[in-house]
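Q: I've got a model open on my screen and I'd like to learn how to read it. Can you take me through it piece by piece?

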Amino acid sequence: MFEHIPVYPGDPILSLFQDFQRDPEARKVNLSIGLYYDEAGKVPVLPSVRVAASRLAAQETAHTYLPMEGSAGYCQALQQLIFGADSAALRERRIATLQTVGGSGAIRLAAELLKRYFPDSAIWVSDPSWDNHRVLFSAAGLEVHTYPYYDPLTNGIRFDEMIATLSGLAAGSIVLLQPCCHNPTGIDPSREQWLAITELCAKRGLIPFLDMAYQGFGDELADDAWPIRAMTDAGLSLFVSNSFSKNFSLYGERCGGLSVVCPNQNEAARVFGQAQANVRRMYSSPPLYGSQLISTVLNDAALARQWQADVAVMRERIKRMRAALKTRLDALVPGTSFDYLVTQRGMFSYTGLSPNEVGALRERRSVYLLRSGRACMAGLNDANIDCVADSIGEVLKARINRYQPVRRFSDA
């Protein structure tokens with residue numbers, strides 16, 4: 001009956017993570033999947049979340065359904081975190097916000113809305129972008145195109161080419177942007193560049209879609225949300241998806257949100273209603289427990305301060321590991337610049353390693369990166385950084401010398 005169904009080749013990131021888990025090498029290092037690990041190499045339970053969990057356990061509340069749009073306390077706290085407690089758009093009630101099944105659920109929910117009510121619009125994502133961006137938008141029937149972004153020669157942004165491409169788009173085109181900690185490159189526009197993008201979107205009648213999965217991992221929480229706030233204050237209508245997987249270390253609870261900034265309260269109510277209808281058609285209601293944890297933290301002043309400190313610990317540890325890797329590689333491969341490791345922001349770094357070099361790291365040294373050369377800096381710690389630096393240094397020296405093979409651990 002099902003012989004006509006093709007074989008699923010697997011997701012490249014999740015499949016690589018499974019390969020890592022099966023690897024018997026004791027010194028293996030996972031720099032592939034987007035998980036934050038602490039100094040002990042564990043996915044942490046944040047102290048603020050631990051307190052919230054204890055409070056919820058003591059309450060013994062029933063596990064009932066949430067409304068289609070999710071928890072009111074969760075959505076209100078989410079809005080203030082992203083747009084600012086003093087946001088004029090929030091006061092004017094022109095932001096429609098729904099709790100979603102993670103950031104991916106927010107993107108897919110928005111994609112359904114865009115396809116239904118802007119059927120002739122295509123979406124443009126950065127080259128490169130997170131692989132699942134294309135998958136989620138394509139699944140809703142949207143055409144997905146790319147605009148120039150990463151420059152491998154400078155390890156920066158091809159900003160002039162990006163602006164030139166966006167300037168040629170038809171009005172109503174959707175432009176996916178990442179406000180902070182760009183996945184996969186770790187390279188973000190400057191504030192001046194964000195203002196130019198904002199002006200262009202307003203002038204050309206483009207629809208900005210800002211996907212923020214790493215708020216607080218680049219800079220302070222408000223600073224990472226600044227591009228969203230700047231566009232909102234400029235009077236643009238825009239879509240915002242966000243995820244709490246990373247900054248709350250709640251990956252499996254699937255907590256995210258979709259916010260749509262509208263011109264007025266009436267249009268926000270229309271968008272909200274149709275988003276509710278889409279939720280009912282897709283998954284009926286979002287998960288309960290994770291939203292309770294987040295709402296408990298964000299709506300308690302003391303716990304919110306503790307959480308901000310927890311996020312700062314994660315952010316600063318990533319920055320420290322970036323600097324440590326740069327220092328080691330500077331010594332191992334003199335004459336090669338590794339400044340990009342400390343100018344890129346957030347969890348991910350584009351290393352410039354080729355697929356063959358990435359394969360050599362995995363097969364010979366059990367250091368796992370994506371084929372694109374993207375490395376998750378949060379997988380580094382004091383115990384494994386020398387191994388990672390030595391392995392990358394050996395690959396790069398082999399590239400330079402063109403004759404020295406990468407040795408296996410057993411050969412070392």
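Q: Where does R254 sit?
A: Helices (H or I, at least four residues) and strands (E, at least two) are DSSP runs, numbered from the N terminus. By that scheme, R254 falls in the loop between strand 9 (238-243) and strand 10 (255-261). Its phi is positive, about 55°, although R254 is not a glycine. Before we go on, this is a predicted model, so local features need pLDDT of at least 70, side-chain atom pairs count only at pLDDT 80 or more, and totals for chains, interfaces and linings use all residues. Residues are numbered from 1 along each chain as its sequence is written, and side-chain values use heavy atoms, with hydrogens and water left out.

Q: Is R254 buried, exposed or partly exposed?
A: Buried means under 20% relative accessible area, exposed means over 50%, and partly exposed is in between (1.4 Å probe, protein chains only). R254 has a relative accessible area of 29%, so it counts as partly exposed.

Q: Which loop holds N155, and what is its phi?
A: N155 is in the loop between strand 5 (150-151) and strand 6 (156-157). Its phi is near 55°, again a positive value in a residue other than glycine. N155 counts as buried because its relative accessibility is 17%.

Q: What should I look for at D127 and P128?
A: Check the omega angle: the peptide bond joining D127 and P128 is cis, with omega about 5°. P128 belongs to the loop between strand 3 (123-127) and helix 6 (131-139).

Q: And what about the bond from N183 to P184?
A: That peptide bond is cis too, with omega near 20°. P184 lies in the loop between strand 7 (174-177) and helix 8 (191-204).

Q: H182 is in the loop between strand 7 and helix 8 as well. What does H182 touch?
A: Contact means heavy atoms within 4.5 Å. Not counting residues up to four places away in sequence, H182 touches S126, P128, Y149, I187 and D188. Notice P128 in that list; it's the proline of the cis bond with D127. H182 is at 2% relative accessibility, so it counts as buried.

Q: Which side chain makes a polar contact with that of H182?
A: A polar contact is a pair of N or O atoms within 3.5 Å; within protein, one must be able to donate a hydrogen and the other to accept it, and residues adjacent in sequence count only if both atoms are side-chain atoms. For H182, the partner is the side chain of T185, at 2.9 Å.

Q: Which polar contacts does the side chain of T97 make?
A: The side chain of T97 pairs with that of Q79 at 2.9 Å, and with that of S259, also at 2.9 Å. T97 is in strand 2 (residues 95-101). With a relative accessible area of 6%, T97 is buried. Leaving aside neighbours within four places in sequence, the residues in contact with T97 are C75, L78, Q79, L258, S259 and F272.

Q: How do I read helix 2, say at V49?
A: Ask what packs against it. V49 lies in helix 2 (residues 47-59) and counts as buried because its relative accessibility is 5%. Beyond four places in sequence, V49 touches F248, L250 and L293. V49 and L303 are 254 residues apart in sequence, yet their C-alpha atoms are 8.5 Å apart in space.

Q: What does A52 contact?
A: A52, also in helix 2, is in contact with L293, T296 and V297, leaving aside neighbours within four places in sequence. Its relative accessible area is 0%, so A52 is buried. For A52 and S241, 189 residues apart along the chain, the C-alpha separation is 24 Å.

Q: Now zoom out. How many helices and strands does the protein have?
A: There are 16 helices and 13 strands. Buried residues make up 54% of the 412 residues. Among contacts between residues at least 6 apart in sequence, 75% join residues at least 24 apart.

Q: What does the C-alpha trace span?
A: Along its principal axes, the trace spans about 65 × 55 × 55 Å.
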